[in-house]
Amino acid sequence: MNKKFLLAALAAMTLSVHAQKTDVEVQTGQYLPDWESLSAWECPEWFKDAKFGIWAHWGPQCHAEAGDWYARFMYYNGTSANTWHKSHFGDPSVFGLKELCNDWKAQNWNPEALVNLYKSVGARYFMALGNHHDNFDLWNSPYQEWNSVNIGPKKDIIKGWSDACKKAGLPLGVSIHASHAWTWLEPSQSYDGNLTKEDGIGKWWEGYDPQELYAQKHAHSTGWTNSGTIHSQWDWGNGASLPSAEYKQKFQNRVLEMINDYAPDMIYFDDTAMPFYGCDDEIGKNILAHYYNNSAAKHDGKQQVIATGKQLTTDQKDYMMWDVERGIPDRMQEQYWQTCTCIGD
């Protein structure tokens, strides 16, 4: 066989195998992927005693130092983030989210010193940002090539936090927000959000597919425009473009692999309840079953972890914890809960 042909065939085979990466298997055990079974979950003792935690909501969007939701508002003409972006980085059609992720280097990050500081002021657990709605994973994520090991810092941020927490004896939480990237990054469609892998030939991101980050090869949601309101498409209704089966499966694989690799004590989901609640309950059931079974297998059959959601019904509070964002409940609660808030804007 011609040597060049053989090398080409082997390369094609490698690409084919990579493209057909198998899904992460949902761990089996005492918890089944149905709400009745998952309702056997109980709040672990460590959280009842913890009372106070500190969250480093830190990722590539912080690189601009220009406010929250930067990766969305940088694409909104006339917003402060857009004006800042153009004056500091250039037009977002040329220097977009992908460039922002790559330009962020995290060169001064010292997780051990920070975790020790947090512990010294009373924190009894620590929450790290795993990904935001910008869809960039802050760990060595095999199901999301746009991650902090491949791009930008070239560091496994979650492992750094995890190692520091283990050394300090603090439980680790990881917050996951990326289910919403499908609609949240829609303003990028007018700029670089619809680029493909082929567009990267000869550029710094050659070999990476922008659609793995932006996920915008779909019809724009209805009900708002590039100058529309912030929260129009938060839930999967009211004109929201519904995510594809491939997008949802990829998200599930990312979360399950993160659980397998880092075993966080808590996962904060920035969702009404579980991810894709309102359009697909199966993803949430699979994630919780895997998470609780994974923990139980490590602790003599008794799970020791927490998953949180933001707007829970009474029934939902049986199988996960209610997180009250920037507020408190208006009445006494039968179940444990937590509130999260900011020291800035």
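**View 1. C43 and its closest cysteine, C340.** The sulfur of C43 lies 16 Å from the closest cysteine sulfur, in C340, which is too far for a bond. At 11% relative accessibility, C43 counts as buried (buried means under 20% relative accessible area, exposed over 50%, partly exposed in between, with a 1.4 Å probe and protein chains only). This is a predicted model, in which local features need pLDDT of at least 70 and side-chain atom pairs count only at pLDDT 80 or more, while totals for chains, interfaces and linings use all residues. Residues are numbered from 1 along each chain as its sequence is written, and side-chain values use heavy atoms, with hydrogens and water left out.

**View 2. C340 and C342.** C340 takes part in no disulfide, and the nearest cysteine sulfur, that of C342, is 7.3 Å away; a disulfide is a pair of cysteine sulfur atoms within 2.5 Å. C340 counts as buried, at 11% relative accessibility. The structure holds zero disulfides.

**View 3. The open sheet.** Seven strands with parallel pairing follow the order β1-β2-β3-β4-β5-β6-β7. The edge strands, β1 (53–56) and β7 (337–340), each pair on one side only. Strands (E, at least two residues) and helices (H or I, at least four) are DSSP runs, numbered from the N terminus; two strands pair if DSSP finds at least two bridges between them.

**View 4. Strands β4 and β5 with helix α12.** β4 (residues 266–269) and β5 (residues 306–309) pair in the parallel sense over three bridges. T308 in β5 is the bridge partner of Y268. Helix α12 (residues 281–298) packs on the sheet and touches β4 and β5 (contact means heavy atoms within 4.5 Å).

Notes:
Axes fitted to C-alpha atoms, helices over the stretch in contact; angles between N-to-C directions.
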